[in-house]
Amino acid sequence: MADIVNRTDAVISPLRAHFGAVGRVGRGIRWYMTTLMGDTAYATYVAHHGRHHPDDEPLTERQFWRQRMDDQDRNPGARCC
């Protein structure tokens, strides 16, 4: 009976490691895409503002995005459109 349990454990451990690696890759891809698309920009701004300007009130999310779009319109940089 103990032999069956050991065989099962031997199969489950590599599967668990494989699915753990797949999960890490998936989370990495999700992080990259949300960062690339700017989905985390406001949260990053608030964290930075809290660390470097703790006495000042951060912009609201609406103000943040308005300022970001205005900055991009004034200085398009390397974007195509």
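Colleague: What should I know about the numbering and the model?

Modeller: The model is predicted, local features need pLDDT of at least 70, side-chain atom pairs count only at pLDDT 80 or more, and totals for chains, interfaces and linings use all residues. Residues are numbered from 1 along each chain as its sequence is written, and side-chain values use heavy atoms, with hydrogens and water left out.

Colleague: How many helices and strands does the protein chain have?

Modeller: Helices (H or I, at least four residues) and strands (E, at least two) are DSSP runs, numbered from the N terminus. The protein chain has 3 helices and 0 strands, in the order α-α-α along the sequence.

Colleague: Which residues of α2 are buried?

Modeller: Buried means under 20% relative accessible area, exposed over 50%, and partly exposed in between, with a 1.4 Å probe and protein chains only. In α2 the buried residues are Ala-41, Tyr-42, Tyr-45 and His-49. They lie on the same side of α2 because they cover an arc of only 90 degrees around the axis, the arc being that of the directions from the helix axis to the C-beta atoms. An α-helix has 3.6 residues a turn, so residues three or four places apart point the same way. The face of α2 turned away from the buried side carries exposed Ala-43 and Arg-51. Across the protein chain, 9% of the 81 residues are buried.

Colleague: What do the buried residues of α2 pack against?

Modeller: They pack against α3. Contact means heavy atoms within 4.5 Å. From α2, Ala-41, Tyr-42 and Tyr-45 meet Glu-61, Phe-64, Trp-65 and Arg-68 of α3. These contact residues divide into 5 nonpolar, no polar and 2 charged; Ala, Val, Leu, Ile, Met, Phe, Trp, Tyr, Cys and Pro count as nonpolar, Asp, Glu, Lys and Arg as charged, and the others, Gly among them, as polar.

Colleague: At what angle do α2 and α3 pack?

Modeller: Axes are lines fitted to C-alpha atoms, for helices over the stretch in contact, and angles run from 0 to 180 degrees between N-to-C directions. Helix α2 (residues 41-52) and helix α3 (residues 61-74) pack at about 105 degrees, with axes 10 Å apart. The two helices are therefore roughly perpendicular; angles of 65 to 115 degrees count as such, under 35 as roughly parallel, over 145 as roughly antiparallel and the rest as oblique.

Colleague: Where does Leu-59 lie, and what does it touch?

Modeller: Leu-59 lies in the loop between α2 and α3 and is partly exposed, at 26% relative accessibility. Not counting residues up to four places away in sequence, Leu-59 touches Tyr-42, Tyr-45, Phe-64 and Gln-67.
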